[in-house]
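Please walk me through this model, starting with the metal site and then turning to the helix packing.

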Amino acid sequence: MTHHVTWDRGISLVGHDLWFDPQTIREVAFVSHAHSDHARRHRHALLTSETLELSPGPRKPRGARLVGLGQTVPLGDARVTLYDAGHMLGSAQVLFEHRGVRLLYTGDIKLRRGWGRPDTAVPKAEVLVLESTYGKPHFRFPDPDSVVETLALFCRRALDANVVPVLLTHALGKAQEVMLALAPYGFEFALEERCVEPARAYERAGASLPPWSELDPQRPGRRVVVAPPSGKDAVRRLPRHRTALVSGWAQEPSFWRLFGADFAFPYSDHCDFDELLAVIDRSGAEKVYTVHGFTEELARHLRKRGVRAHALAASEQLALAL
Ligand SMILES: [Zn+2]
């Protein structure tokens, strides 16, 4: 077989009735995590219970087959196993095994978890379908613990100077992961309205977030404000404040200045370039397909290194990576 997977607004597994993160409604779909670019009202969705809980209401699948991390289930004459992807609560990689061939689809993946926890485990597979959101060599993020430490310092200094620290980040997943990362520092958080329901969903799904309340721009108190980067009306109404974009895009100043952020911290819920290479290495894959973001760039780089690599889809809008 020359192609194991093809792209048609989602990843189609050739010869099988299974799609990975399709962007249109499909009969049988694996949904790697709850970001709305992946969630659709599929007829039968394979996903974790956390992903189902976190998926926005109108995008929940009609039928859900819940699979736990580390669990293997049969699917026709194949079998699938889900592995933690480290990207957000409930995010999963899927290993598809059929007639002795293992295919791993990472979905959005983050390798380095910080706080002394081991890296996200990557199972062995002959074929790898890898996200390439940050698939260009200049995306190299410092170690996550040191970024969180400087982020905490940014918040502490602002609060000490009676300035409101505002962290600009994706409302679902990233906002809660940043709150969890900052939890050891003892901050209280004020959430812009679009971050409120995702925070509740995280708690329903079992996460214990540090103390938070909904943001009242007139009375932010001594709290760290968390808001999505776009549409900052509530942020504009705040008294003296300082904004910081929390994203891998911190590596591209021209990009983060578009959001009018005063600062940027390269803390991401994705792999940086070196981590993507590490995923390939650890999987032991002989053939790599790249999907999302810098697909062509990463595939070209891999081919130069002698890896059989193929870009599945042209670059998508950058917004998906936030
Ligand atoms: Zn994602």
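Is Asp108 buried or exposed? In this predicted model, Asp108 has a relative accessible area of 6%. The cut-off for a buried residue is under 20%, so Asp108 counts as buried.

Asp108 is one of the residues that coordinate the zinc ion. The zinc ion is held by His33 through NE2, His35 through ND1, His87 through NE2 and Asp108 through OD, at 2.2 Å. Along the chain, the donors are spaced as H-x1-H-x51-H-x20-D. His87 sits in the loop between strand S8 (78–84) and strand S9 (92–98), while Asp108 sits in the loop between strand S10 (101–105) and strand S11 (127–132), so this pair ties together parts that are 21 residues apart in sequence. His87 is buried as well, with a relative accessible area of 1%.

The geometry of the site comes next. The angles subtended by the four donor atoms around the zinc ion run from 91 to 165°. Four donors count as tetrahedral if all angles lie between 85 and 135 degrees; because the angles at the zinc ion reach 165°, the arrangement is irregular.

H7 is mostly covered, with eight of its 11 residues buried. These are Phe273, Glu275, Leu276, Leu277, Ala278, Val279, Ile280 and Ser283.

How do H7 and H8 meet? The axes of H7 (residues 273–283) and H8 (residues 295–304) come within 12 Å and cross at roughly 55°. The two helices are therefore oblique to each other, and their crossing is right-handed. On the H7 side, the contact is made by Phe273, Leu276, Leu277 and Ile280; on the H8 side, by Leu298, His301 and Leu302. An α-helix has 3.6 residues a turn, so residues three or four places apart point the same way. The H7 contact residues Phe273, Leu276, Leu277 and Ile280 are also among the buried residues of that helix.

The crossing of H3 and H4 is right-handed. From H3, the residues in contact are Ala175, Gln176, Glu177 and Leu180, and they meet Cys195, Pro198, Ala199 and Tyr202 of H4.

Conventions:
Residues are numbered from 1 along each chain as its sequence is written. This is a predicted model: local features need pLDDT of at least 70, side-chain atom pairs count only at pLDDT 80 or more; totals for chains, interfaces and linings use all residues. Side-chain values use heavy atoms; hydrogens and water are left out. Donors are N, O and S atoms within 2.8 Å of the metal (3.2 Å for Na, K and Ca); water is not among the atoms, so sites may look incomplete. Four donors count as tetrahedral if all angles lie between 85 and 135 degrees; four count as square planar and six as octahedral if opposite donors are over 155 degrees apart and all others between 65 and 115; anything else is irregular. Helices (H or I, at least four residues) and strands (E, at least two) are DSSP runs, numbered from the N terminus. Buried means under 20% relative accessible area, exposed over 50%, partly exposed in between (1.4 Å probe, protein chains only). Axes are lines fitted to C-alpha atoms, for helices over the stretch in contact, and angles run from 0 to 180 degrees between N-to-C directions. Angles under 35 degrees count as roughly parallel, over 145 as roughly antiparallel, 65 to 115 as roughly perpendicular and the rest as oblique. A crossing is left-handed if the near helix is turned anticlockwise from the far one by less than a right angle, and right-handed if clockwise. Contact means heavy atoms within 4.5 Å.
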